[in-house]
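Please look through the sequence and the three-dimensional model shown here before reading on.

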Amino acid sequence: MRKALFLSLVAALVSFAAPAQSALNDNPDTILGTFLVPDPGNDSHVTFTKNEKGGYDCRIVWMENAIDPSTGKPWLDVKNPDKSLRTRTCMGLALIENIKYDSAKKQWSGAKVYDPNRGINANATIKFTEDGRLCLKGTILGIGETVYWIRQ
């Protein structure tokens, strides 16, 4: 049973649709702006900004449910593997720091993406699809998951 569940999980993580190449991938600053992160019942918005190092950072700027109903206080980063960071709020949390544009590959990479829902850091690769959605692929040890964010 455990083996079947594990194999199902692995299959779900590695099966993703490859996005079509978009002209949006030609401009490094296309990544700037705010995007909807769809998560039924807990949508959020993230904003990409350019940093002083020439890379791009991404932070949570809005959460549909910013308050933990069990405590009446803002959601905390309770699943962070670094116990000293578990008391920080999720609002304003940096998800990606200093991701760089690779002009040869026409994508952004070279940084980690942090998933506060699971408390994991994964290698991040970002491209845009033909319809303008941001396609973020996170991989750990060759196993990947792809999500699509929508420009606001």
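The structure holds 0 disulfides. A disulfide is a covalent bond that joins the sulfur atoms of two cysteines. Among the residues of the chain are Cys-90, which is buried with a relative accessible area of 8%, and Cys-135, which is also buried, with a relative accessible area of 6%. Please keep in mind throughout that this is a predicted model.

**The chain as a whole**

The protein chain has 1 helix and 10 strands, and when they are read along the sequence they follow the pattern α-β-β-β-β-β-β-β-β-β-β. Of the 152 residues of the chain, 33% count as buried. The chain exposes about 9000 Å², and carbon and sulfur atoms supply 58% of that area.

**The barrel and its strands**

Which strands make up the closed barrel, and in what order do they run? The barrel has 8 strands, running β1-β2-β3-β6-β7-β8-β9-β10, and their pairing is antiparallel. From one strand to the next, the twist averages 30°. Strands of a sheet pair through backbone hydrogen bonds, and the pairing may be either parallel or antiparallel.

Strand β3, which covers residues 56-63, pairs with strand β6, which covers residues 94-102, in the antiparallel sense over 3 bridges. Tyr-56 has Ile-99 in β6 as its bridge partner. Strand β6 then pairs with β7, again in the antiparallel sense, over 4 bridges, and here the bridge partner of Ile-96 is Val-113 in β7. β6 and β7 form a hairpin with 4 residues between them, and Lys-106, in the turn, has a positive phi of about 55°. Finally, β7 is joined by 7 bridges to strand β8, residues 120-128, and these two strands run antiparallel; Tyr-114 has Asn-121 in β8 as its bridge partner.

A residue worth looking at in this region is Gln-107, which is found in strand β7, residues 107-115. Is Gln-107 buried or exposed? With a relative accessible area of 11%, Gln-107 is buried, because buried means under 20% relative accessible area. Leaving aside its neighbours within four places in sequence, Gln-107 is in contact with Lys-100, Tyr-101, Asp-102, Thr-125, Ile-126 and Lys-127.

**Salt bridges**

Side chains of opposite charge can pair when their charged atoms come close. In this model the count comes to 6 salt bridges, and the table lists some of them.

| Salt bridge | Distance, N to O |
|---|---|
| Asp-77 and Arg-88 | 3.0 Å |
| Arg-118 and Asp-115 | 2.7 Å |
| Glu-145 and Arg-118 | 2.8 Å |

Consider Asp-77 and Arg-88, whose side chains meet in a salt bridge. Asp-77 lies in the loop between β5 (73-74) and β6, and Arg-88 lies in the loop between β5 and β6, so the pair ties together parts that are 11 residues apart in sequence. Asp-77 counts as buried, at 0% relative accessibility, whereas Arg-88 is partly exposed, with a relative accessible area of 32%.

Now turn to Arg-118, which forms a salt bridge with Asp-115, the closest N and O atoms being 2.7 Å apart. Arg-118 counts as partly exposed, at 45% relative accessibility, while Asp-115 counts as buried, at 17%. The side chain of Arg-118 also meets that of Glu-145 in a salt bridge, at 2.8 Å from N to O. This pair links distant parts of the chain, with Glu-145 in strand β10, residues 143-151, and Arg-118 in the loop between β7 and β8, 27 residues apart. Glu-145 is partly exposed, with a relative accessible area of 29%. Which residues do the salt bridges that share partners join into one network? The network consists of Asp-115, Arg-118 and Glu-145.

Note on methods
Residues are numbered from 1 along each chain as its sequence is written. This is a predicted model: local features need pLDDT of at least 70, side-chain atom pairs count only at pLDDT 80 or more; totals for chains, interfaces and linings use all residues. Side-chain values use heavy atoms; hydrogens and water are left out. Buried means under 20% relative accessible area, exposed over 50%, partly exposed in between (1.4 Å probe, protein chains only). Contact means heavy atoms within 4.5 Å. Two strands pair if DSSP finds at least two bridges between them. Accessible areas come from the Shrake-Rupley method with a 1.4 Å probe; for residues, only the protein chains shown count as cover. A disulfide is a pair of cysteine sulfur atoms within 2.5 Å. Axes are lines fitted to C-alpha atoms, for helices over the stretch in contact, and angles run from 0 to 180 degrees between N-to-C directions. A salt bridge is a side-chain nitrogen of Lys or Arg within 4 Å of a carboxyl oxygen of Asp or Glu.
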